[in-house]
Amino acid sequence: MDQIATSESEDHLFGESFEDVHNWTEFLDYLNRSFTFCDVDLDEGVKQIFLFILYLVIFVLGLAGNLLVLWVNWQSRRSKSSINIYIFNMAVADLGVVITLPFWMLETMLEYTWLWGSFLCRFTHYFYFVNMFSSIFFLTALSVDRYLSVTSSSVYWRQNQTRIRWGLCTGIWIMAAIFPIPEVAHIQLMTGSEPVCMFMAPFETFDAWALAVGFLTTILGFIIPFSIMLVFNLMTACHIKKSGRPENKKHCRLIYAYILTFFLSWLPYHLTLILLTLHVSHIDLHCYFVHVLYFFYDVIDCLSLLHCVANPILYNLLSKDFRGKFINAVVKYIPKEKINGADAKEHSTSTTDHSVVITKENPPQANQNDGDILDGRIM
């Protein structure tokens, strides 16, 4: 870093200036003494308990929701509607994020002590970032695909939807596997009094690396995806409004919920990340404000994971198509004697009713109207 503290009074108080710092041990010691100059009384114990409960709730709900989505979509994998490829892959990515939560939960409760060795220090972070990026990219691709499905009359698009979607999903996983490498390459297990897993770029170039990684994460993980989602979702909402169908108001509200959920999940995290990255070397923030940012950073980071709970609800549980597939999947495992009635009439009625449910799963055709596409394939 270029500079941590510049005032002569601080240098005199600490007995050395930042220029006397030559390695990571001296640097961390300098930070510890520097922060005592501006002490803010914040209860770490309360934060740890709150984070543990929040991690646990997200883990349980995210695990259950995404496993349900994967199970239902796997049961209906013979469906000709290839747009479910995005939904399935997004659930896989969100599930990947969720299964890393026990590591962060225990790390928080152990006051950031890392007990699982050097390999898992890097691999867990890499696994998390790959799934985080891929989940965001699948949401972005789904927004664009939704607009094309509603508006496009291209014969090429209609004839090659499945191949395009499979190719795009493959490309998303490849990009998501590449983007975290610059950050993960500098994550190390620091062995001191207690092992700590943290970002440690070369000391001489730490500032440049931290800035590059921070902005790369924000640009690729928020600014570009959100801009694309915002534009294409709003264009989709404007298009379906023109049809004048009463149910399209519900479709528009759901589209706005997509935008708002992503925005509220990720904006606080990226804003805090950029402020902390720019602190000291590029902008000067008040000492107390910096303490508050560092204190609440873990809470904000944890709250961003709520998207793993929100995605299964918004993109699946609110969909008539998904609920129909869920009923079909459940009916397959109900014993026939419980489905059939006591007499022939009840048996006939029950069989007819369930036949309706089971055969209800028909893929939307290319000439469907806008409302049917949104309700059957997206919502």
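Predicted model: local features only at pLDDT ≥ 70, side-chain atom pairs only at ≥ 80, totals over all residues.
**Ground rules.** I number residues from 1 along each chain as its sequence is written. Local features need pLDDT of at least 70, side-chain atom pairs count only at pLDDT 80 or more, totals for chains, interfaces and linings use all residues, and side-chain values use heavy atoms, with hydrogens and water left out.

**Entry 1: record spans.** I looked up "transmembrane region" in UniProt. The unreviewed entry lists residues 49-74, 86-106, 126-144, 164-181, 208-234, 255-280 and 292-318. Positions follow the numbering used here, feature names are shortened, and such annotations may be inferred rather than shown by experiment. I checked two of the spans against the model. Residues 49-74 are 100% helix and 0% strand, with end C-alpha atoms 37 Å apart. Residues 164-181 are 89% helix and 0% strand, and their end C-alpha atoms lie 27 Å apart. I take helices (H or I, at least four residues) and strands (E, at least two) as DSSP runs, numbered from the N terminus.

**Entry 2: helix α11.** I compared its length with expectation, which is 1.5 Å times one less than the number of residues. Helix α11 covers residues 248-278, 31 residues in total, so it should span 45 Å. I find 44 Å between its end C-alpha atoms, which agrees. Where does α11 bend? The bend is at Trp266, by about 30 degrees. Pro268 follows within four residues. The bend is the angle between axes fitted to the seven residues ending at a residue and the seven starting there.

**Entry 3: the hairpin.** Strand β1 (residues 187-190) and strand β2 (residues 196-199) pair in the antiparallel sense over four bridges. Pairing requires at least two DSSP bridges between the strands. Five residues separate β1 and β2 in this hairpin. Met190 stands opposite Val196 in β2.

**Entry 4: cysteines.** How many disulfides does a search of the whole structure find? I get one, taking a disulfide as a pair of cysteine sulfur atoms within 2.5 Å. Cys121 and Cys197 form it, with sulfur atoms 1.9 Å apart. The link is right-handed, with 90 degrees about the S-S bond. Cys121 lies in helix α6 and Cys197 in strand β2, so the pair ties together parts 76 residues apart in sequence. Both Cys121 and Cys197 are buried. My scale is relative accessible area: buried is under 20%, exposed over 50%, partly exposed in between, with a 1.4 Å probe and protein chains only.

Cys252 is in no disulfide. The nearest cysteine sulfur to that of Cys252 belongs to Cys238, 7.9 Å away. Cys252 counts as buried, at 4% relative accessibility.

**Entry 5: cores.** A nonpolar core is a set of buried Ala, Val, Leu, Ile, Met, Phe, Trp, Tyr and Cys residues joined through side-chain atoms within 4.5 Å. The largest has 67 residues. Tyr55, Met132, Phe262 and Tyr315 have the most contacts inside it. Helix α6 (residues 117-151) gives the largest share of this core, 13 residues. Another core lies apart from it, with five residues, among them Phe199, Ala201, Phe206 and Ala210.

**Entry 6: covered helices.** Helix α13 (residues 307-317) is mostly covered, with nine of its 11 residues buried. The buried residues include Cys308, Pro312 and Tyr315. Cys308 has a relative accessible area of 1%. Ala93, in helix α4 (residues 84-98), is buried at 0%. Ala93 and Phe129 are 36 residues apart in sequence and 10.0 Å apart in space, C-alpha to C-alpha.
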